[in-house]
Amino acid sequence: MSSTHTGIEWTDKTWNPTTGCNKVSPGCLHCYAEALTKRFPNNFKNGFDLTLHPERLAEPLKWRTPSRIFVNSMSDLFHEDVPLDFIQNVFEVIHKTPCHIYQILTKRPERLLELSSHLEFHENIWLGVSVENQNYVERINYLRQVPAAVRFLSCEPLLGELNLDLTDIHWVIVGGESGQKHRPLKTEWVEDIRNQCQEAEVAFFFKQIGGRTSKAGGRLLDGIIWEEMPDAWKQHQRKWGNTPVKLKVKKQNLAITA
Ligand code: SF4
């Protein structure tokens, strides 16, 4: 589960230098990462306890095709038990592999902001916060203060209507919940968010309606698949294309313990 191709529509690969987490808000109730640790216990010796994997830090150095990489699909990089120097190591790998875009999503934007003055936000880092209902829009105010090239929202699983201030936000992803106990999505909520994005000229990506499986409800909204990406993605593609590149950095040149 450290570095795999993914079925997530808005990314290409996952990279999990940490695994495990704790639940912090209603969006965590049916946490996909926790379910995977239970399903594949042999792959997760510590279960869903927060675990650092320094041996995985150098993995992106092997990936030569420019890709969008979702950092920590199995955890939260800004979890309170991830030390600052480990996060700095992750950022250093990102800095050394500019052909990739790294998408970091957190439900702990307070810690992200607290540590941000100790981190270098290279242009290939996109930072996002999860906003599942109106009680958590405050997370966006923390994100807005972080100097990332792209700031994004993941409204998944969307659990209610959202009234968003999209100032200085570049991308909004929306998705419904899937699984046996999924909480249903109302398409009116999604249409309303799409309209807010259009009004604010923010890229809008609709991942799925959800249901018993992730594909059950499809992903059409008003008969259209919405998969807009921030302008920074087109610029990145123009610069790097999609053919393998030669990386000039070796694992031993990184100040990481792997
Ligand atoms: S923050 Fe993310 S990884 Fe952590 S418990 Fe919640 S949903 Fe799962």
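Me: Where is N72 found?

Reply: This is a predicted model. In it, N72 is in the loop between β4 (68-71) and α2 (84-96).

Me: What is phi of N72?

Reply: Near 65 degrees, which is a positive value in a residue other than glycine. Most residues other than glycine have a negative phi.

Me: Is N72 buried or exposed, and why?

Reply: N72 counts as buried because it has 23 C-beta neighbours inside 10 Å. The cut-off for buried is 20 or more.

Me: Which loop holds E201?

Reply: The one between α5 (187-200) and β9 (203-208). E201 is not a glycine either, and its phi is positive, about 55 degrees.

Me: Buried or exposed, for E201?

Reply: E201 is exposed, because 8 other C-beta atoms lie within 10 Å. Exposed means 12 or fewer.

Me: Switching to peptide bonds. Which residues does the cis one join?

Reply: E156 and P157 are joined by a cis peptide bond, with omega about -5 degrees. Most peptide bonds are trans.

Me: And where does P157 sit?

Reply: P157 is in the loop between β7 (150-155) and β8 (171-175).

Me: Now the ligand. Which residues surround it?

Reply: The ligand has C21, K23, V24, C28, C31, A33, E34, S75, D76 and K107 around it.

Me: How do the residues of that shell divide into nonpolar, polar and charged?

Reply: Five residues of the shell are nonpolar, one is polar and four are charged.

Notes:
Residues numbered from 1 in each chain as written. Predicted model: local features only at pLDDT ≥ 70, side-chain atom pairs only at ≥ 80, totals over all residues. Near = placed C-beta within 6 Å. Nonpolar A, V, L, I, M, F, W, Y, C, P; charged D, E, K, R; others polar. Helix = DSSP H or I, 4+ residues; strand = E, 2+ residues; numbered from the N terminus.
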